[in-house]
Amino acid sequence: MGAKARRPAGPPARRAIQLRYLAHARSGDKGDTANVGLIALQPAYYPILVKEVTAARVARHFKGMLTGAVDRFELPNLRSLNFLLHGALGGGGTLSLKTDAQGKVFSTALLRMEVPIPTDIDV
Amino acid sequence: MTGPARTVRVASGQGFWGDWLEAPVRQVEGGPIDYLMMDYLAEVTMSIMQKQRSRDPSRGYASDFVPLMERILPTIVERGIRITANAGGVNPQACAEAVVTVARKLGLAGRMRVGIVAGDDIMDRLDELIERGHALANMDTGEPLRVVRERVLSANAYLGAAPIVEALGRGANVVITGRVTDTGLTLAPLIHEFGWTGDDWDRRAAGTVAGHIIECGAQCSGGNCLVDWESIPGLEDPGYPIVEAQEDGTFVVLKHPGTGGRISVASITEQLLYEMGDPHQYITPDVVADFTTIQLTQHGKNRVRVSGIRGRPATEFLKVSIAYFYGYKAVGTLVYAWPDAYKKAQAADRLLRARLARLGMEFEEVLTEFVGVNATHGRLAGSPDPDAPEVQLRIGVRARDRAPVERFSREIAPLILNGPPSVTGFAGGRPKVEEIVAYWPALIAKSEITPRVEMLDA
């Protein structure tokens with residue numbers, strides 16, 4: 001073992017990881033709003049989602065892709081968060097020219113987001 | 001001594017108009033069920049049906065429903081299975097008459113009756129309602145309906161479970177409705193069977209959640225399920241969901257033995273969150289359900305138990321679904337091949353936009369997407385692979401007038417010979433100019449709407 005194996009002492013480093021390893025998701029539409037339900041894959045991951053996947057961070061993740069705000073609702077009973085992405089669908093319904101006019105794949109677009117996780121969590 | 005608690009089974013046979021034609025047949029033949037519910041109506045479906053009825057007064061409903069009934073009517077009458085379906089669209093009467101004709105042809109005369117639920121259609125009452133001070137304001141924008149009144153094509157209030165319960169009480173084997181909520185089709189049989197009272201908000205909420213879980217068919221039983229998707233077995237023969245409910249409002253979601261798909265806490269959770277707004281208030285004509293009270297537990301293989309659901313009193317309003325003519329749109333595509341597929345597609349987009357500008361064409365929106373690069377995830381998809389084997393250029397336009405959209409549809413094909421090279425994939429011909437029928441959601445006081453229930457005997 002060389003010098004590489006030795007780490008400096010101090011607080012454990014936090015890792016960043018894509019949400020796809022912590023959660024699954026489904027999305028749908030209501031008019032020009034897309035909703036994304038984000039569901040923890042393990043009970044231990046739910047607090048991480050609550051802490052890290054805030055409405056503000058989600059709004060930043062989708063910056064330039066929404067004309068409105070982001071709302072977040074917590075469903076601890078389902079280990080889930082529900083996000084409303086307003087103005088996400090190019091007018092929505094039949095007006096939209098987008099491939100994803102009904103917001104079906106905003107779910108996996110959110111799973112691209114990276115969040116920091118404690119090093120003692122197994123993923 | 002009491003036996004096991006009595007249960008009622010409501011099976012989902014159709015998640016939308018166009019869903020798998022085999023699903024309802026398999027639900028009826030694959031094992032015991034008491035009810036088959038079928039959801040046919042999306043937001044703009046009513047306007048399509050309205051158009052069909054204006055050309056031919058015997059049309060205006062989900063036409064697939066009648067040949068389907070021909071396949072399953074003998075079995076459902078034999079076994080006492082009853083059907084709730086909003087296949088009636090804007091003409092439930094004609095749909096019911098067509099079903100009765102089929103029933104007689106099958107020798108079921110005198111052995112079955114069809115219930116008709118109407119009263120949702122307020123198209124002929126719009127002016128009177130507006131005059132009496134009902135603004136029918138758009139729930140998203142706040143604009144009053146008079147702004148688009150001249151262009152309205154259909155207007156229907158969403159009815160709840162009550163008229164279906166009445167039709168079942170009067171002995172209907174098949175209940176055909178106009179615009180009834182998707183969830184009402186499942187809740188109504190449970191109210192009818194268990195005699196839940198009008199103010200039993202928790203049980204009504206439970207029946208509504210049951211309806212929400214199964215209203216999209218296989219989308220809760222392994223279809224479109226992201227978690228562990230590759231390991232979901234047997235999707236060539238997906239088991240559509242069945243709710244097995246008890247009098248106290250708890251229920252199990254399951255599917256027939258030997259079918260494919262998967263029912264797990266994860267698959268049910270995905271469906272619960274589908275098209276969800278504020279989970280504390282899922283508002284229907286029947287109740288306000290609180291989705292933060294739902295408890296899910298795996299209860300054996302492909303069985304999920306649902307309990308704990310709480311509800312609050314229904315509101316004094318019904319939602320109204322109004323469709324109005326908006327304008328025109330068209331979408332054109334071309335495929336560019338390696339090398340430099342993305343750069344070629346980008347060049348073609350620039351040429352096309354320049355040509356449209358020189359022609360003086362004005363659009364409300366021109367949207368370019370590159371399929372294989374950014375069509376589904378936008379900029380989040382990152383930089384494109386410079387070596388991509390192909391990229392599809394996809395351009396959409398929308399305008400209030402037909403002329404610019406029509407002209408756009410003629411500007412795609414020339415690019416094949418007078419634009420960037422290595423282009424193909426134009427088998428579909430000129431882009432189709434489509435009329436846009438837009439959706440106007442509004443509210444109306446419940447006191448203005450009186451559902452009508454009629455019976456038709458075979």
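This is a predicted model: local features need pLDDT of at least 70, side-chain atom pairs count only at pLDDT 80 or more; totals for chains, interfaces and linings use all residues.
Residues are numbered from 1 along each chain as its sequence is written, while chains are lettered from A and ligands numbered from 1 in the order in which they are written.

Chain B has twelve helices and 19 strands; these are DSSP runs numbered from the N terminus, with helices (H or I) of at least four residues and strands (E) of at least two. The radius of gyration of chain B, taken over C-alpha atoms, is 25 Å, close to the 23 Å that the globule rule gives for 458 residues, so the chain is as compact as a globular protein of that length. That rule is 2.2 Å times the number of residues to the power 0.38.

Ten strands of chain B make an open sheet with mixed pairing, in the order E11-E12-E8-E7-E1-E2-E3-E6-E4-E19; two strands pair if DSSP finds at least two bridges between them. Strands E11 (295–298) and E19 (452–457) of chain B sit at the edges, each pairing on one side only. From one strand to the next, the twist averages 20 degrees. Strands E4 (residues 113–118) and E6 (residues 174–177) of chain B run parallel, joined over four bridges. Helix H9 (residues 265–273) of chain B packs on the sheet, touching E8, E11 and E12, and its direction makes about 150 degrees with that of E11(B). Angles run from 0 to 180 degrees between N-to-C directions, and axes are lines fitted to C-alpha atoms, for helices over the stretch in contact.

Two helix pairs are worth a look. The axes of H6 (residues 162–169) and H7 (residues 184–194) of chain B come within 8 Å and cross at roughly 50 degrees. H6(B) and H7(B) are therefore oblique to each other (angles under 35 degrees count as roughly parallel, over 145 as roughly antiparallel, 65 to 115 as roughly perpendicular and the rest as oblique). Residues of H6(B) including Ile164(B) and Leu168(B) meet residues of H7(B), among them Ala188(B) and Ile191(B); contact means C-beta atoms, placed from the backbone, within 7 Å.

Helices H1 (residues 22–29) and H3 (residues 65–79) of chain B pack at about 5 degrees, with axes 10 Å apart, and are therefore roughly parallel.

Key. Two residues are in contact if their C-beta atoms, placed from the backbone, lie within 7 Å.
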